[in-house]
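Visitor: I am new to this structure and would like a close look at a single part of it. Please take me through that part and its surroundings.

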Amino acid sequence: MALTKGEKVISDWIAANGWELADFQRDTMAAYLAGKSGLLNAPTGSGKTYALFLPILAKFINDNPDYQNQKKSKLRILWITPLRALTKDIQRNLINACNGMNIPWKIGIRTGDMSAKEKNAQIKEAPEVLLITPESLHLFFAQKDHEEMFKNLEAIVVDEWHELLSTKRGVATELGLAHMRTLNPDLLVWGISATIGNLEQALQTLIGTKFHPDKAVIIRSTIIKKVEVESILPDHIEKLPWAGYLGINLLDKVMPIIMKSKTTLLFTNTRSQTEIWFRFVSENYPELAGQVALHHGSLDREIRAWVEENLHLGKLKLVICTSSLDLGVDFRPVETVIQVGSAKSISRFLQRAGRSGHRPGAVSKIYFVP
């Protein structure tokens, strides 16, 4: 079958980067261009973001043959994410694709970190794609004449749907989607998830009861992500205290792993625990001054942004973090992940493991510290 103009532009860009579309990416392209909603299930680091964004660009090119000369912007895509840190990473990837194909789209962000001035500017001149958290979406609904902003909306993408599903924020997302469908019944809705089991139920919850099964698909990747798990144990297990233990006794066993890695993410379960680990590392290994950082939701926006940027640049040796860096964040320099204490669930443990080897075909390595 001959490629459409949009598919041809996408294909040329993929080839120019030395990449090759995976089967699930081709299936997503076909389903989206056929006007279907759906749920994409693929491993962390396999290219889920581009699997949906490239079809969106292909449709735009097909509908606008003179796409490179588009002047007036309008909001076309809402991309809902559960984490503020995730929006920055997605924005970087989407901008990269648009620039590579000379598509004059603006990729905006609307979260609690944005100033009122920045938000008002988005209303006056809307970006083509708006990355937004569930809370910010509902605040947007309180804006006067918000329907005007959304009248040209073509699709909504809900990233990391498993993280929102069955939570209060997930219910807020469902309500938001229901409201958007009242504004545009033909709106396409897609979910992205790496670790989820009840796909049919997750899809039904995402797209609502009014969608016909023929208009919605589940796309599963056949890629098997390899994950290596290695436990770090004390020399004498019987000396492990029963309570008040934060893993610090194993600091001298953890640090050699960190030292031999280019960049390491060390996950703890609480913000106070990150502060404790940061203090012990700083006091016992002063030679790492300036190469160790903290990341959790209570830190100022500027500090979090600095940490994320320097992670991307590979300038940090160690970042001690909570769930604030759990999801989808593409930090290529990260070689090693360490989990201190039991994660909330096995799926979250695997999600964190996927922060290392975050690219197709790579093995993810995670160390477990009891």
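Visitor: In which helix does Leu86 lie?

Guide: This is a predicted model, in which local features need pLDDT of at least 70, side-chain atom pairs count only at pLDDT 80 or more, and totals for chains, interfaces and linings use all residues. Residues are numbered from 1 along each chain as its sequence is written, and side-chain values use heavy atoms, with hydrogens and water left out.

Leu86 lies in helix α4, residues 84–100; helices here are DSSP runs of H or I with at least four residues, numbered from the N terminus. Leu86 counts as buried because its relative accessibility is 1%, where buried means under 20% relative accessible area, exposed over 50% and partly exposed in between, with a 1.4 Å probe and protein chains only. Its C-alpha atom is separated by 9.0 Å from that of Ser324, which is 238 residues apart from Leu86 along the chain.

Now to the cores. A nonpolar core is a set of buried Ala, Val, Leu, Ile, Met, Phe, Trp, Tyr and Cys residues joined through side-chain atoms within 4.5 Å. The largest one has 46 residues, and those with the most contacts inside it include Phe53, Leu57, Trp79 and Trp105. Helix α3, residues 48–63, gives the most to this core, with 10 residues. Another core, of 29 residues, lies apart from it, with Ile132, Ile156, Leu177 and Leu203 among them.

Trp79 touches, among others, Thr49, Phe53, Ile90, Leu94 and Ile192, not counting residues up to four places away in sequence; contact means heavy atoms within 4.5 Å.

Key: Helices (H or I, at least four residues) and strands (E, at least two) are DSSP runs, numbered from the N terminus.
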